[in-house]
Amino acid sequence: MSDGAVSPDTSTEVEDPHEGGFRAHTAITTERGGPRYGEFSEQVRTLMDRARYACPTPELADELIDELAAINEKLAAVRIDEWHSPAGTRIDLPARGNITLPPFEVTDVNDDGVFATVTFRDFHLGGNKAAHGGQVAVAFDDLGGYASAVAIQGVSRTAYLTVQYRSITPLNTPLQCRTWAEKVDGRKVFIKGTIHDGDRLCAEMDALFIKLNPGQQ
């Protein structure tokens, strides 16, 4: 589910309290993880892409297992809590540096909604060179949460999210995504969304987000 966090205009490191499972005001950064964190994230994404199609020999699998185990030990040694992780807070990187999301870049936020370019990669394969439907929903959920946050200037949780798959969503293609608040009714935020490949509609979203009360998770 999306946290629907609004990105403030400052990149100052802030030690925000977290209430009800979210920060009161999301502390964003362009510095956590160091100046090469973006390259690190890209290498991890590339690993995921390559692994998706790889068929290693038994000998190579043995070698890779040892190398990956060593890498995992190094990462375990620098594990921190979610509130201070650069993943999800690096607003200068695709998808805020969150490698669990299909990479996207927000291009505009205005009265017509949130506009972004999203690219589904090899790792997001569903079949026959098309993006997995669940990955399409993940992108909609995060960007729909963004649109909800813009509409209510607060944090929300996903109540439901329905995707209509209108045509193939291709891999490795910059796609245009738009999400917007169709209606706000009290704490209910009704969100719509579309993903296009040029003029071709790939998928549509209909969702409901609920604004959280103080202390709610």
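Let's start with the sheet. It is open and has six strands, in the order β3-β4-β8-β9-β10-β7. The pairing is antiparallel. Keep in mind that this is a predicted model.

Now the edges. Which strands stand there? They are β3, residues 104-110, and β7, residues 156-165. Each has a single partner strand, so one side of each is left without a neighbour in the sheet. On average, neighbouring strands of this sheet are turned by 20° against each other, direction ignored.

A quick reminder on sheets. Strands pair through backbone hydrogen bonds, either parallel or antiparallel.

Let's walk through some pairs. Take β4, residues 113-118, and β8, residues 175-185. They pair in the antiparallel sense over five bridges. To find one on screen, look for V118: its bridge partner in β8 is L175.

Next, β9 and β10. How many bridges join β9 to β10? There are 10, and the two strands run antiparallel. Pick F190 and you can follow it across to L208, its bridge partner in β10. These two strands also form a hairpin, with two residues between them. G198 sits in that turn, and its phi is positive, about 65°.

Then β10 goes on to β7. That pair is antiparallel too, with nine bridges.

α3 covers residues 133-152. Which strands does it lie across? β3, β4, β7, β8, β9 and β10. Against β7, the helix runs at about 135°.

How enclosed is α3? Of its 20 residues, 14 are buried, so the rest of the structure largely encloses this helix.

Last topic, the cysteines. How many disulfides are there? Zero, counting pairs of cysteine sulfur atoms within 2.5 Å. Let me show you two cysteines. C55 is exposed, because its relative accessible area is 76% and the cut-off is over 50%. C202 is buried, because its value is 0% and the cut-off there is under 20%.

To recap: an open antiparallel sheet of six strands, with α3 lying across β3, β4, β7, β8, β9 and β10, and zero disulfides.

Technical notes. Residues numbered from 1 in each chain as written. Predicted model: local features only at pLDDT ≥ 70, side-chain atom pairs only at ≥ 80, totals over all residues. Heavy atoms only, no water. Pairing = 2+ DSSP bridges. Helix = DSSP H or I, 4+ residues; strand = E, 2+ residues; numbered from the N terminus. Axes fitted to C-alpha atoms, helices over the stretch in contact; angles between N-to-C directions. Contact = heavy atoms within 4.5 Å. Buried < 20%, exposed > 50% of the residue type's maximum accessible area, 1.4 Å probe, protein only.
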